[in-house]
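I opened the notebook on this model with two topics in mind. I wanted the ligand surroundings and the domain layout.

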Amino acid sequence: MGPLGAAPRPPAATWDLAGRVVANGPVSQGLRVLDVELPRAIDFLPGQFAMLNLTGPARLVFRRPFSILATAGRTISFLYRAIGRGTSLMAGLAPGAAVECLAPLGQPFPAPAAATPPVLILAGGVGLPPLYAWFARYRRPADLACFGGRDLDDVPWDLVPPPWQVSVDRLDGAAARSVFHGLVTELALACVGEPGDATPRLVLACGPTPLLRAAARLARERGWPCRVSLEEHMGCGYGVCKGCVVPVRDPGPPGWRHATSCTEGPVFDAALIDWDRFGHAAAGGPA
Ligand SMILES: Cc1cc2nc3c(=O)[nH]c(=O)nc-3n(C[C@H](O)[C@H](O)[C@H](O)COP(=O)(O)OP(=O)(O)OC[C@H]3O[C@@H](n4cnc5c(N)ncnc54)[C@H](O)[C@@H]3O)c2cc1C
Ligand code: FES
């Protein structure tokens, strides 16, 4: 067993269930939580996701992937931002509306073992759910969790109470709260101190690509392990369509290959990602 411990074994069963919305409302100016009651309780590990769809005339051709925020009994919860057709339709769902839910899917973040160094969490915007779930389940006293929002109104304060540290990109007017003004990676650097005098850490990150790149760079510079959750476009969620591929380093020629993010990820060792190719056309786009 390495310092990160054994990889947690994802639940054996994935369920394709017809659920009903029990609540769907804002938790900040831009973010909403959708609670769906399923016909049965399901197990998940932090970092795993669900493929969701609507029913009836609003049914989408492709289900949409969402990280699992939490479960309580038969209720499964998601944090989301309305950015396009699917998420805007989701925002309009009233209690009682039907939702199809295929879950849990994908590889989770590692669970801590006795030798796992303290964790440094970097979560940006809708990258919060898998790391909220990790911190809620595994938190140890020396672990540090940082969340970055766009501005004070964008922060879902009830989901990131102390000891979460919060940063905002924009701090307008008289700030009622004492909040770090800057990027979440800058907040993280302020928390962990200068290179050389810092405790080794395991970095866990989820959020926009610049955040993931910065987290990977921070970890590389300090020689720390790092796991990132990649929120690529996904068509199926279970390895068939290849719409989610990402470039990873590979020992054989040509030195890299396409990894299927929905089954090999979405959580990857940041050192395995080919960051020079990541996000470019060569890495593949939506199906
Ligand atoms: C494993 C995984 C977990 C995710 N977890 C969450 C979550 O917890 N909460 C959440 O809000 N979102 C999450 N996402 C992203 C979410 O799936 C997209 O926001 C959603 O599919 C958009 O659907 P739409 O129909 O509203 O947008 P569309 O109409 O399909 O697209 C609208 C715009 O958003 C862009 N877009 C769509 N999907 C993505 C994406 N994955 N990354 C970047 N840009 C995209 C499109 O290119 C387009 O410009 C996750 C994605 C993955 C792969
Ligand atoms: S989403 Fe279809 S193969 Fe990954």
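For sorting residues by class, I count Ala, Val, Leu, Ile, Met, Phe, Trp, Tyr, Cys and Pro as nonpolar, Asp, Glu, Lys and Arg as charged, and the others, Gly among them, as polar. I also noted that the model is predicted.

**Entry 1: ligand 1**

I looked up the shell around ligand 1 and found 21 residues. The closest are Tyr80, Gly84, Gly86, Thr87 and Glu231. I then sorted the shell by class: 11 nonpolar, five polar and five charged residues.

Which element gives the most to the shell around ligand 1? I found β4, with four residues. I listed the elements that each supply at least two residues: β4 (64-67), β6 (75-80) and α1 (85-91).

**Entry 2: domains**

I checked the domain assignment next. It gives domain 1 (15-105), domain 2 (112-229) and domain 3 (231-287). I went back to ligand 1 with these bounds. Its shell draws at least three residues from domain 1 and at least three from domain 3.

**Entry 3: domain 1 against domain 3**

How far apart do the C-alpha centres of domain 1 and domain 3 lie? I read 25 Å. I looked for contacts too: eight residues of domain 1 are in contact with seven residues of domain 3. On the domain 1 side, β3 (49-54) and β7 (98-105) are the elements that give two or more residues.

How values were computed:
Residues numbered from 1 in each chain as written. Chains lettered and ligands numbered in written order. Predicted model: local features only at pLDDT ≥ 70, side-chain atom pairs only at ≥ 80, totals over all residues. Domains from an automatic or database assignment. Contact = placed C-beta atoms within 7 Å. Near = placed C-beta within 6 Å.
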